[in-house]
Amino acid sequence: MEMLTQNRWKKQVSAGLLENCTGCVLCSEDNGCITCHHRLFLLIWRDGIRQYGMCVHTCPPGYFGVRGLEVNRCTKCRSPSCESCFSRDFCMKCKDKFYLHKGQCFRQCPPSTAAQPGTRECQETCEPGPWSEWSACTHESRTCGCKWGVETRVREVPAAAREEGAACPALSETRKCRMRKHCPGEKTEPKNKGKKRQKKPKTEAHAGT
């Protein structure tokens, strides 16, 4: 892609762009623009031993713009796998088949990182600590007086993962648990309370039996 872009610039130059030196303050017939108007960037590339210059509004892929007191320049990204950069050593977007992580381009995401869905950027993965013990079994903040409740356990996230904004797996779990149906000290009514005992009818022995 970078070579195609440069070839396109060269074709524009050979087609006669240098005849009027568009945007140039100083221009050479052999090497093109030497200095540009203050709003433009000077893009320079080499073809063998020959150097070409052109004044552009935005720098092409693989370059970033640097504004100076005398001339604004398009400076090439240091990494050949970088498509656009913020500075020579800090990449903002990588070329195809490369992954971006902390301003650098990699063939594969570094350890403890993973490619974000739909992008070619590596994000820190989250590895939480161990699970805590299960909490007391409760129902509506009560630990007794009901047949079923829930108990919970949690796990912590390392500070580094929180700072990186890493996507973490579940950090808490709940499960159903059996509670004590009666609370300590609670009086329970006997099952037969309120029911009158029914007397069994007496059977009289018949004479002659």
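**Close-up views of a hairpin and several cysteines**

**View 1. In this predicted model, a hairpin of six residues connects strand β5 to strand β6.** Strand β5 covers residues 63-66 and strand β6 covers residues 73-76, and the two pair in the antiparallel sense over four bridges. Within this pairing, Y63 stands opposite K76 of β6.

**View 2. C77 and C85 are joined by a disulfide, with an S to S distance of 2.0 Å.** A disulfide is a covalent bond between the sulfur atoms of two cysteines. Because the torsion about the S-S bond of C77 and C85 is about -90°, this disulfide is left-handed. C77 counts as buried because its relative accessibility is 6%, and C85 likewise counts as buried, at 7%.

**View 3. A disulfide links C94 and C105, whose sulfur atoms lie 2.1 Å apart.** The pair connects distant parts of the chain, since C94 belongs to strand β8 (residues 90-94) and C105 to strand β10 (residues 104-106), 11 residues apart. The torsion about the S-S bond of C94 and C105 is about -95°, so this disulfide is left-handed. With a relative accessibility of 8%, C94 counts as buried, and C105 counts as buried at 16%.

**View 4. The disulfide between C24 and C33 places their sulfur atoms 1.6 Å apart.** Both of these cysteines, C24 and C33, are buried.

**View 5. C146 is a cysteine whose sulfur is too far from the closest cysteine sulfur for a bond.** That closest sulfur belongs to C137 and lies 8.7 Å away, whereas a disulfide requires a pair of cysteine sulfur atoms within 2.5 Å. C146 is partly exposed, with a relative accessible area of 24%. By the rule of 2.5 Å, the count comes to nine disulfides.

Notes:
Residues are numbered from 1 along each chain as its sequence is written. This is a predicted model: local features need pLDDT of at least 70, side-chain atom pairs count only at pLDDT 80 or more; totals for chains, interfaces and linings use all residues. Side-chain values use heavy atoms; hydrogens and water are left out. Two strands pair if DSSP finds at least two bridges between them. Buried means under 20% relative accessible area, exposed over 50%, partly exposed in between (1.4 Å probe, protein chains only).
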